[in-house]
Protein chains: 4
Amino acid sequence: MTLRIGMIGPGGMGKAHIERIHTVISGGRVVAVSDVNPDNAKAVAEQIDGTAYATSAELINSPDVDAIMIASYGPAHKPDVIAAIEAGKYVFCEKPLAPTAAECEEIMAAEQKAGKKLVTVGFMRRFDASYREMKKILDDGEVGEALMVHCAHRNPTVPEMYTWDMAINDTAIHEIDTMRWLLGEEFVSARVDKPKKTSLRFEHLQDPLVLILTSESGVRVDDEVFVNCQYGYDIQCELVAEQGVVRLGDQELVHRADKLGRRNRLTMDHNQRFGQAFVTEVQEWITAVSQDRHTGSDSWDGYAAAVVCDAGVAALTADGEVPITMIERPALYA
Amino acid sequence: MTLRIGMIGPGGMGKAHIERIHTVISGGRVVAVSDVNPDNAKAVAEQIDGTAYATSAELINSPDVDAIMIASYGPAHKPDVIAAIEAGKYVFCEKPLAPTAAECEEIMAAEQKAGKKLVTVGFMRRFDASYREMKKILDDGEVGEALMVHCAHRNPTVPEMYTWDMAINDTAIHEIDTMRWLLGEEFVSARVDKPKKTSLRFEHLQDPLVLILTSESGVRVDDEVFVNCQYGYDIQCELVAEQGVVRLGDQELVHRADKLGRRNRLTMDHNQRFGQAFVTEVQEWITAVSQDRHTGSDSWDGYAAAVVCDAGVAALTADGEVPITMIERPALYA
Amino acid sequence: MTLRIGMIGPGGMGKAHIERIHTVISGGRVVAVSDVNPDNAKAVAEQIDGTAYATSAELINSPDVDAIMIASYGPAHKPDVIAAIEAGKYVFCEKPLAPTAAECEEIMAAEQKAGKKLVTVGFMRRFDASYREMKKILDDGEVGEALMVHCAHRNPTVPEMYTWDMAINDTAIHEIDTMRWLLGEEFVSARVDKPKKTSLRFEHLQDPLVLILTSESGVRVDDEVFVNCQYGYDIQCELVAEQGVVRLGDQELVHRADKLGRRNRLTMDHNQRFGQAFVTEVQEWITAVSQDRHTGSDSWDGYAAAVVCDAGVAALTADGEVPITMIERPALYA
Amino acid sequence: MTLRIGMIGPGGMGKAHIERIHTVISGGRVVAVSDVNPDNAKAVAEQIDGTAYATSAELINSPDVDAIMIASYGPAHKPDVIAAIEAGKYVFCEKPLAPTAAECEEIMAAEQKAGKKLVTVGFMRRFDASYREMKKILDDGEVGEALMVHCAHRNPTVPEMYTWDMAINDTAIHEIDTMRWLLGEEFVSARVDKPKKTSLRFEHLQDPLVLILTSESGVRVDDEVFVNCQYGYDIQCELVAEQGVVRLGDQELVHRADKLGRRNRLTMDHNQRFGQAFVTEVQEWITAVSQDRHTGSDSWDGYAAAVVCDAGVAALTADGEVPITMIERPALYA
């Protein structure tokens, strides 16, 4: 009864998923691997005592593979996702679902043809216990209607190859998905403010920046993206509602008092901060798939993230607000 | 050696200052009172065993009065401030110094003629221990250059007479002054974002709103103004700098754990939150004046606040950013 | 390669372990069950599609069972633990290992004869991320030598059948094991202080009480045991060392501000507070056993807990300190 | 109407009081000084433009002095306090009121003869906003009856001349008074536990130690006294009551996040931590005396502190609990 998973494109994230599935997750096993680099596929397959497939298509269509995980480079996602759909297999695809909204639409078309939601996009924050508690408080009506959300996404540093649009497409995309999920609404406009730049990193980068999103009902979300903040991986979120505000907790394990003050240790990367969320995300996916159920972000979420990211990137160079237009939501994703 | 103070226009704030001066502050005494309502002047004078003057001019020019406090209605400030300057007396004027930038310029002209800074504007947050600690950390270079500041100014509720522009002129004016002081810079533009409105208060009000200011060097300040937040008087400030962030503490006296969780009590109004700052402000003013020194916000600060508020009010109805232009800073205020 | 586990005595705790193993843990499966109540064994076996054995001995010796979990009533533990040892199988035994030190010695004798550590006692706090961080800080020498530890173990309420000695044997036993592990030392004396009793629970109970333990090197541990504190399941621990103190964090997911103050939600029972620790404990046991390694608390820890509990129970009625004497530590447990 | 105060024995504490009275406190002025060292009296008198008296008796009986503050060495307090009482003048005496219970009884006898409470003992914590909030919560019945209090009194270091008994008489005396006031009860026994000693200070000192007090109704107070904790001046207090617990807040002005974690700055001495409490204490005393009212700790409080300290010192070398016996409380102090 173990779910036999085929992994496409195991780089850092894919290998981390394999490690989780084989050491701390119930009910699944990665039994097949493919990669654009066949040597990598072979090496990983050997480590897990699995099969290396020459192509992702062969892996997807193998009768020995029950479900698919895609951790390859974003631009390569679309054909594999569609192939998995056509094979009638559940597929977990790392974010982004695809780099363009048009590709996401193609995926949704294939999925609608299949008549069933098969695609899960890897937005792990929906599985973080703190965000979930925040959403529960909001959904339970304990603080009234949401009016604003203040977010911050801070990384200690990024490498030189990090480009300006990655601040939206790789970094802010997490808040974009999480806020859509938290609020249960789409965004209708994006704007980017450009504060004074830090001198402690590359000249080519506008860092920090502030992405401002407005939802259908008017909720205003601001997201400070500061990827060279030096001090830690610091994810902040404060929901301001009509009758109260809710903030993510400090995530402290212990605090100490010593000559440096009363203090706790900060997380330094997303694996530290969201390590448990990744585990929960993959566990819930394996559990759901084993029961023939969908879970997590779906193709529409992947599409919506792409559309909002496009607007965010446009806003990087636009003067003022950039409107966001989406296609009508297909019934499958209602 | 007690400083003999004349109080003009003792309403709620003026009476609170008298109470402070007479019960918990060293070195001063309110000995004279005037008011547009002579009965009020008389009543207050009686309580403090002082003299009621028929006009503010008489009070200001009395040889029995060493220094002046003005707590009257803003539009009435200018002539009294100028009269005090012309009398060569130090004057503490509640904010705003005057409702328009033009009036503030007249005051600065009079002060420059006097050749000496005599005017202190009542921005009490500069005397709050937490804001002072934040400024010290910044000025000491412990976190590098400031890049952004996230502020929130939340009141439980406001009365129906509270109008839209008061969100800027009465409420955000505090962050405007405090941020100018914290950063040691002027602002060059203002914008107002309008989130979803709370349903828990008057239809005529855009509440909350977000005022966004940019400083000369590019520091971006956002100030969430939410004056019907229901739950408390909650003043937040997070300074984001190149090497670290600094936030105002929780101001908790105690915290408890009981059936409602682990919690502390929130302050419910500005007197609770800034009670000690008011005391320190007036104490430092009396001490300084007794030593023939200026302290606190000066006329230029009053002018700058007026100019920024004008831009903020214009931004309420403008589409996008409103530029802020100030006159050249006179040497007296360098 | 899945570890086939036999479960003896699945009541509440045993069923929770089965649920974990089958839904969120990797590498194991409960395939066999036995119980003093054969109907319960049959019912559980049916649910998990496993085999019900008539006796624990049969289950332990079945060739279809790789490792044993014992979740039966404490007084029943010893023979099953010894039978597992004699069968050469790893055995996870819920605390207490056995109710008396003498029985624990018998278990150690069997284990020494086997020449290998096979027994793990279910003290889950060693697997809690916060306690582990505290121990790491201490072991890394970041705060110098430990001098004192202040603990509190608070439950909302206990049922009427909870007797006085259970405050030691069922409740404080957790701090006894955790402190031995944290400090890496044995305790040499115990005392119990009896504060004013809460009026909000049964007359027969001395609640709260304070257990005071002294370690070999003189570290003083106090443990406030308050099992009818009404407000929550609140586990506190503050390590006081030569150069700093370390406290368990608040475990808050989010905090909110509303009309009740700034607050977070408290955990209400040990499953909420230590849910993840239970998962980690069982996961690490399954992983270790699959690699033929021991992990977690061993028989000596079970023995030491029994001895300290005996002293603690004696201290309930003694006047002053009760000395603690242990046998010499066998080489197997060095 | 300014209260004319005579200061006896202005050392560090006395000079700090003078500074407060002359710079941040309303309604009083130190006009007279005496000291066992006449040069010191003269020097201080000169600074404040006051009169140096040759003896404390002359100062006390001067018609130019309305009220007395005593900041001399503890053993010198009694005759001056009694002289002030006999002169019918209010007297603020720094702690301890007198080093022995017998001397305190003499003072109470004099005061009863005078028929009026004239003596205030300088226990400043009763004026700390956090302790007051804790007491208010308890007195308002918000958490039910008090059962235990956990205190810690930590100093960074003490000088070599600090002797063992000072841990009780100079350090723990603050918790002794504060707990009597918080609980509204007397203590009936004392015990001292001796944890492992810090290696970071003098061999002659038992540091830390834990003083355990039991009140009439059975409330158990433990006070960790650790005067070479290295890291800060850290005063902790957690009240455990039937329906909830209350802890002193962190006293943080701001917290920051930087490479050392999320942290706030600790206070390093009692002036930092209790600076405002000292101001409030002296202000309330001056206000009360000006209105012919008593305020703060009285002679009975001074006596009770002496008796409990005696028991605490005895407990340093006793085996187990030391009973505390007090005289019957005179009606004047009911």
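**Two interfaces in a predicted model**

Trainee: How many salt bridges does the rule find across the interface of chain B and chain A?
Mentor: The rule wants a side-chain nitrogen of Lys or Arg within 4 Å of a carboxyl oxygen of Asp or Glu. Across this B and A interface, the count is seven.

Trainee: What kind of model is this, and which letter do the chains start from?
Mentor: This is a predicted model, in which local features need pLDDT of at least 70 and side-chain atom pairs count only at pLDDT 80 or more, while totals for chains, interfaces and linings use all residues; side-chain values use heavy atoms, with hydrogens and water left out. Residues are numbered from 1 along each chain as its sequence is written, ligands are numbered from 1, and chains are lettered, in the order in which they are written, from A.

Trainee: Which residue of chain A forms a salt bridge with Arg191(B)?
Mentor: Look at the closest N and O atoms of the pair. They are 2.9 Å apart. The partner of Arg191(B) is Asp193(A).

Trainee: How many residue pairs are in polar contact across the interface of chain B and chain A?
Mentor: A polar contact is a pair of N or O atoms within 3.5 Å; within protein, one must be able to donate a hydrogen and the other to accept it, and residues adjacent in sequence count only if both atoms are side-chain atoms. Both residues must be at pLDDT 80 or more. The number of pairs is 15.

Trainee: Which element gives the largest share of the side of chain B that touches chain A?
Mentor: Strands here are DSSP runs (E, at least two residues), numbered from the N terminus. Those giving two or more residues to this side include β7 (146-154), β8 (187-193) and β12 (244-248) of chain B. The largest share is five residues, and it comes from β7(B).

Trainee: About how much area do chain B and chain A bury between them?
Mentor: 36 residues of chain B are in contact (heavy atoms within 4.5 Å) with 36 residues of chain A. Buried area is the accessible area (1.4 Å probe) that two parts lose on being put together, summed over both. Here 53% of it is on carbon and sulfur atoms. The total is about 2700 Å².

Trainee: What rotation superposes chain B on chain A?
Mentor: Copies are superposed by least squares on the C-alpha atoms of residues with pLDDT of at least 70 in both. The shift along the axis is 0.0 Å, and the RMSD is 0.0 Å. The rotation is 180 degrees.

Trainee: Which residue of chain B comes closest to that rotation axis?
Mentor: The distance is taken at C-alpha, and it is 3.5 Å. The residue is Gly320(B).

Trainee: About how much area do chain C and chain B bury between them?
Mentor: 14 residues of chain C are in contact with 14 residues of chain B. Of the buried area, 49% is on carbon and sulfur atoms. The total is about 1400 Å².

Definitions and conventions:
Helix = DSSP H or I, 4+ residues; strand = E, 2+ residues; numbered from the N terminus.
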